[in-house]
Amino acid sequence: MSTVYLNGEFLPMHEARISPMDRGFLFGDGIYEVIPSYGGRTVGLGPHLTRLQQGLQAIGMVLPDIEWTHLIEQLLDQNGRGNLGVYLHVSRGTDTRRFHAYPDPKSVPATIFAFTFDIPAEPVADISLCKKYRVALSEDQRWRRCHIKSTALLGNVMHFQEGYSAGLDETILHNSDGCITEASACNVFVVKEGVVYTPPLDHQLLPGITRQILLDILRNHSEIDALEQMITLEQLNNADEVWLTSSSKELAPVIEIAGKPVANGEVGPLWLQAQRLFSQYKYQY
Ligand SMILES: Cc1ncc(COP(=O)(O)O)c(C=O)c1O
């Protein structure tokens, strides 16, 4: 039975209750985070909490003043310290009426919810063992504030479903100018002639923590060039390698996009090198 945290209390999941008037429920008015942990060790805890604080600031909220690290430690302890994703969720609280304007936080405090869920074992840098991703390709139809990790995920859910219902693992998205933004729940990296590229941060994509850690590792612990640059559809189609990154997947090699193989349709050597480096250094973040 999993133990969750809700507004200051630890309790069994089936006992956790929120009001249907919660603005997270009515409007998707909230911010969330997912932090991976393996055997009780988190990856990127500091950067994840910073992004939570920045996301809340972007929607006119402040990070509730609680001991986040202690809360996470307690949740991990109470849920067995296995391979766990920690989900943190802060919504704009439970108002008495359904009204769009932000309520006064003094009378409507934030709702704070956290739980853990099982994630796959730590990815290993091994071409024969790794999951190979086949993905769809679609025009990005989401809002223009994709840098905010909002709980309002319907746009992402619909894009993920496009791939999923076709039997695929993800959907890579491009904007109307034909430039890659990200995927429905991952960032995108492309390799060409030994150089690693990922789109620069702006309102079209989430500033992924795995993306940030990977760029830092490549730049500080390898000779591999890693550039933040626009990637066109043509560059995606002609890539030597394509990877997706996210907290639960780390680096996921893509072998097929919209029915066409990426290069020769096999996992490439730079993925192996980069995932090896990521596995080696990730706990430093
Ligand atoms: C839309 C989107 N982009 C990128 C990512 C990857 O972010 P992170 O590496 O912080 O998990 C996620 C993760 O959930 C996401 O939902």
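1. Helix axes here are lines fitted to C-alpha atoms over the stretch in contact, and angles run from 0 to 180 degrees between N-to-C directions. Helices (H or I, at least four residues) and strands (E, at least two) are DSSP runs, numbered from the N terminus.

2. This is a predicted model, in which local features need pLDDT of at least 70 and side-chain atom pairs count only at pLDDT 80 or more, while totals for chains, interfaces and linings use all residues. Residues are numbered from 1 along each chain as its sequence is written, and side-chain values use heavy atoms, with hydrogens and water left out.

3. The axes of helix α2 (residues 45-58) and helix α3 (residues 68-78) come within 11 Å and cross at roughly 120°. The two helices are therefore oblique to each other; angles under 35 degrees count as roughly parallel, over 145 as roughly antiparallel, 65 to 115 as roughly perpendicular and the rest as oblique. From α2, Leu45, Leu49 and Leu52 make the contact (heavy atoms within 4.5 Å) with Trp68, Thr69 and Ile72 of α3. By class, this contact has five nonpolar, one polar and no charged residues. Ala, Val, Leu, Ile, Met, Phe, Trp, Tyr, Cys and Pro count as nonpolar, Asp, Glu, Lys and Arg as charged, and the others, Gly among them, as polar.

4. Helix α5 (residues 209-221) packs with helix α7 (residues 269-281) at an angle of about 100°, their axes 10 Å apart. α5 and α7 are therefore roughly perpendicular to each other. Thr210, Ile213, Leu214, Ile217, Leu218 and His221 in α5 meet Ala274, Leu277, Phe278 and Tyr281 in α7.

5. The largest pocket holds about 750 Å³ of space. A pocket is an open set of points on a 1 Å grid over the protein atoms alone, with protein on both sides within 12 Å along at least five of seven lines; a cavity is a set where a 1.4 Å probe fits but cannot get out, and lining residues have an atom within 4 Å of a point. Grid points are joined across faces, edges and corners, and a volume is the space filled by probe spheres set on the points. Of the 35 residues lining this pocket, Tyr32, Lys149, Ser184, Ala185 and Cys186 lie nearest its centre. The lining divides into 18 nonpolar, eleven polar and six charged residues.
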